[in-house]
Amino acid sequence: MSVRLGLFYPNARAIHTISGQVAARNPDVLDIKSHVAVAQACERIGLDYLFVADAWGAYGPLMSSFGLQDPMLLPPILAASLIAVTEKIRLITTLHTSWFDPLQYVRIGGTLDQLSGGRWGMNMVSGAGFATSITGGPVDLSHDGRYDRAREFVEVMTQAWSTGKVDFDGEHFRIHGAIVGPGTVQQPRPFLVSAGASDAGRDFAGHYADCIFMPGRTPKEELKTRVADIRRIATAAGRPADAIKVQMHASVALRDTAAEAKEYSEWIAQSIDLPAVAEYLNAVRANISTYDDIYSSLGELQMRAIGMVSGARKIHGGPSEVADGIAQLVNEFGCDGVAISLPIWQPEEIERFGRKVLPILEERGLWSHPKTRDFGW
Ligand SMILES: Cc1cc2nc3c(=O)[nH]c(=O)nc-3n(C[C@H](O)[C@H](O)[C@H](O)COP(=O)(O)O)c2cc1C
């Protein structure tokens, strides 16, 4: 069984590295040619999937100023263009259940799934996607209330995709009737990812997810506890425990030699924009109300460490070190795959990963090129 590797897709100029200097070296995110080159490079080297995240509001003005999360291309639209220039690689698009209606997504997803030949999956996010600054949005519910809506959302989509009609009376949706196709999708519904780790998030994952994505920084024991809990919920719900795969998230900075990688990593570290890191932490940890609170509790080195990778695991190094980092996530953390984000996402960086790291993983029996099996999740 090969480890599944995917690209945490750069649908924004900067991806997990909080640095204007790094962002400035990236391709133009609003130029479709950048995306064609990235997606085709990923397929060529043998990544299994592209994972396209989403947000509706930015972390804050500093991060927006250099392109982290803003502008951010809407995943299903980006995916529609990428399926036309790829043949096998799979695409996971993030879906915020607070901002869509399930019938909209039944049709968006049915179309993507059909046109891609069943290569489409979705990452269901119940949150508002950092859009707390937007008032008057479609859904203003409590944390757990949003998960209730997400649950009904999946039920409606599953009914529509399996039967072509919906007969649903819930707290959030009352929908009855047949809808037009394309309604046939990977049965009974497309591949579903979730990434919430709260009590309600684990419950949702246990009932519905085919795969959970974990932040790469989660400590090993905590990860195992969370995964065991999700699998226990799955079993109680009548699903096989191994129905749920685990993907970790890592930020990879690779160079041809360990010495060059050290230099590259040090350059990234010095380029981190500390006030923007504070803004990021403030946004993701809403309980910390001022930037000063964060500054006083974290030292500069910790701030830089966070700025280099956000929530991802840092895997910086030469080819064997990067292969070791991935092998560790598989062998010690027990994950089934890794979603990789690249600070600089020029296609050459993807090709370098394919040329230097994948052969090592193959030699160690951890990975095989999807052309020898099938592209999977
Ligand atoms: C690997 C990974 C990817 C995620 N992608 C997104 C995303 O694209 N958009 C988003 O708003 N939240 C994203 N999240 C956040 C979660 O899906 C979820 O909304 C958050 O963890 C809050 O849920 P919780 O309270 O159940 O933990 C991601 C989390 C992880 C670990």
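These legends accompany close-up views of a predicted model. Local features are described where pLDDT is at least 70 and side-chain atom pairs count only at pLDDT 80 or more, whereas totals for chains, interfaces and linings use all residues. Residues are numbered from 1 along each chain as its sequence is written.

View A. Helices (H or I, at least four residues) and strands (E, at least two) are DSSP runs, numbered from the N terminus. A residue is called buried if 20 or more other C-beta atoms lie within 10 Å of its own, exposed if 12 or fewer, and partly exposed in between, with C-beta atoms placed from the backbone. Because 6 of the 6 residues of β4 are buried, this strand is largely enclosed by the rest of the structure. W120, M122 and M124 lie on one side of β4, with G121, N123 and V125 on the other. Strand β3 (residues 90–96) runs parallel to β4 and is joined to it by 6 bridges, two strands being paired if DSSP finds at least two bridges between them; L91 has W120 as its bridge partner in β4. Together with helix α5 (residues 102–115), β3 and β4 make a right-handed β-α-β unit, where right-handed means that, with the strands pointing away from the viewer, the path from the first strand over the helix to the second runs clockwise.

**View B. Strand β7 between its two partners.** Strand β7 (residues 191–194) points F191 and V193 one way and L192 and S194 the other way, and all of these residues are buried. Strands β4 (residues 120–125) and β7 run parallel and are joined by 4 bridges, while 2 bridges join β7 to the parallel strand β8 (residues 211–214). V193 is the bridge partner of N123 and also stands opposite C211 in β8. A right-handed β-α-β unit is made by β7, helix α7 (residues 199–208) and β8.

**View C. The shell around the ligand.** Of the 17 residues around the ligand, A53, A195, G196, S198 and G201 come nearest, a residue being near if its C-beta atom, placed from the backbone, lies within 6 Å. Helix α7 and strand β8 each supply at least two residues of this shell.

**View D. The largest nonpolar core and helix α6.** This core has 109 residues, and L50 and I212 are those with the most contacts inside it; a nonpolar core is a set of buried Ala, Val, Leu, Ile, Met, Phe, Trp, Tyr and Cys residues joined through C-beta atoms within 7 Å. Helix α6 (residues 143–163) gives the most to this core, with 8 residues. Leaving aside residues up to four places away in sequence, L50 touches G6, L7, Y9, A39, C42, L82, I89 and L91, contact meaning C-beta atoms, placed from the backbone, within 7 Å. R151 is found in helix α6 and is buried, with 21 other C-beta atoms within 10 Å. Although R151 and M124 are 27 residues apart in sequence, their C-alpha atoms are 10.0 Å apart in space.

**View E. Helix α12 and its surroundings.** The buried residues of helix α12 (residues 300–309) are M303, R304, I306, G307, M308 and V309, and they pack against β9 (245–254), α9 (258–271), α10 (274–284) and β10 (313–317). Just after α12, S310 takes a positive phi of about 55°.

Key: Contact = placed C-beta atoms within 7 Å.
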